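Here are a few worked exercises on salt bridges and ligand contacts. Have a go at each one before reading its solution.

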Amino acid sequence: MSKNVLVLPGDGIGPEIVTEARKVLDLINDRFALDLEINEALVGGAAIDATGVPLPDATLEAARAADAILLGAVGGPQWDTNPDFQIRPEKGLLGIRSHLQLFGNLRPAILYPQLAHASTLKPEVVSGLDILIVRELTGGIYFGQPRGIREKEGGIREGFNTYVYDENEIRRIGRVAFEAARARDKRLCSVDKANVLEVTVLWREIMEELGKEYPDVELSHMYVDNAAMQLVRAPKQFDVVVTGNMFGDILSDAAAMLTGSIGMLPSASLDENGKGMYEPCHGSAPDIAGQGKANPLATILSVAMMLRYSLKAGEAADLIEAAVSTVLDQGLRTGDIMSEGMRQVSTAEMGDAVVAALNA
Ligand code: NAD
């Protein structure tokens, strides 16, 4: 039976990087006779402009029907002034994640040896880096109720959010992380703030409880402030890191930067059945949108993750990852990863080079 892939280009550099990723996906679809049906829909600012809302019903329906979703990025300053948060581009993304219960966010931070110099850290601190950050994505303070801005006595305004996780939410993300650790170096570090926040006292308890089911995985705990420090001090100490939504948001961006460019990092957001949304870790980069400067490799590597996790085409995923390594070996670089002696290429040239490497 044919499988259905929904492509959401989004805003800013989204359409540019997705165009390159589509070249790769279309080629793989033909080469491996995957019989994928590929459709496109609007999300984020593009959807607000066309329909008035960031997640039109038609897009949500298409997302529900799809076996996998490939997203570019959403957002931009032109939509940031709307006082109604429901009409912000990010709501499109958060809406898909929560409606589809894509609770398990996998963010690998791998340093390609060809880019060791691109990191702001010393090469000996980062070379060989291979971390997987597992971030809970549909709960925690980004979704907790009540939330808002209200007026207190005396007309003083206060903003408030609610940080909440129930034990089932903690357990299911914990399982994803333990399973991932089991398939890697068998070390899992759970990050919390259990010295201050009750919600993460429960988080730690549940992780300990789960740890008994995974005696082969070495479980450790770290407070989030220390984790941030350790990530830039000695990042290679980590194998798999599991944490909640907000801490994961921040730590995964820090981990991304260790690798030199956020433009190199893919991500997957999975539900309980392996259906997923795949997207680069970066945003819509409005500062370089429309200039052919964006690095499409994170989006192309997201296609590889999609093939591996949702479309069960691991061999095709391996080929794409090898092709990315080949173009780096050839010395091709977009501006974000450019260094002396390398050849700077545009977004489209980078996409074409990956296609050429796949065809070689
Ligand atoms: P950003 O990731 O878009 O950009 C940060 C910096 O990295 C910029 O200098 C940008 O030019 C650069 N960069 C990002 N991706 C790149 C790529 N592929 N190639 C080369 N350079 C790249 O983060 P930001 O500036 O904080 O946010 C911009 C917009 O994106 C905001 O509207 C934000 O809300 C949105 N955003 C969306 C997502 C998403 O769609 N998943 C994630 C984060 C931010």
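**Exercise 1: a charged pair**

Glu279 is buried, at 7% relative accessible area (buried means under 20%, exposed over 50%, partly exposed in between, with a 1.4 Å probe and protein chains only). Before going on, note that this is a predicted model, where local features need pLDDT of at least 70, side-chain atom pairs count only at pLDDT 80 or more, and totals for chains, interfaces and linings use all residues. Residues are numbered from 1 along each chain as its sequence is written, and side-chain values use heavy atoms, with hydrogens and water left out.

Task: find which side chain meets Glu279 in a salt bridge, and say which parts the pair ties together.

Solution: 
1. Look for a side-chain nitrogen of Lys or Arg within 4 Å of a carboxyl oxygen of Asp or Glu, which is what counts as a salt bridge.
2. The partner is Arg97, at 3.4 Å from N to O.
3. Glu279 sits in strand β12 (residues 276-280) and Arg97 in helix α4 (residues 89-99), so the pair ties together parts 182 residues apart in sequence. Helices (H or I, at least four residues) and strands (E, at least two) are DSSP runs, numbered from the N terminus.
4. Arg97 is buried too, with 9% relative accessible area.

**Exercise 2: another pair**

Task: work out where Glu213 and Arg175 lie, and whether Glu213 is buried or partly exposed.

Solution: 
1. Their side chains form a salt bridge, 2.8 Å from N to O.
2. Glu213 is in the loop between α7 (198-211) and β9 (218-223), while Arg175 is in helix α6 (residues 167-182); the two are 38 residues apart.
3. Glu213 is partly exposed at 46% relative accessible area, and Arg175 is partly exposed at 33%.

**Exercise 3: the ligand**

Solution: 
1. A polar backbone atom of Ala285 is 2.8 Å from a ligand oxygen; for Ser284 the distance is 3.0 Å, and for Gly76 it is 3.1 Å.
2. As for cover, the protein takes up 67% of the 810 Å² of accessible area that the ligand has on its own (Shrake-Rupley, 1.4 Å probe).

Technical notes
Polar contact = N/O pair within 3.5 Å; in protein donor to acceptor, adjacent residues only side chain to side chain.
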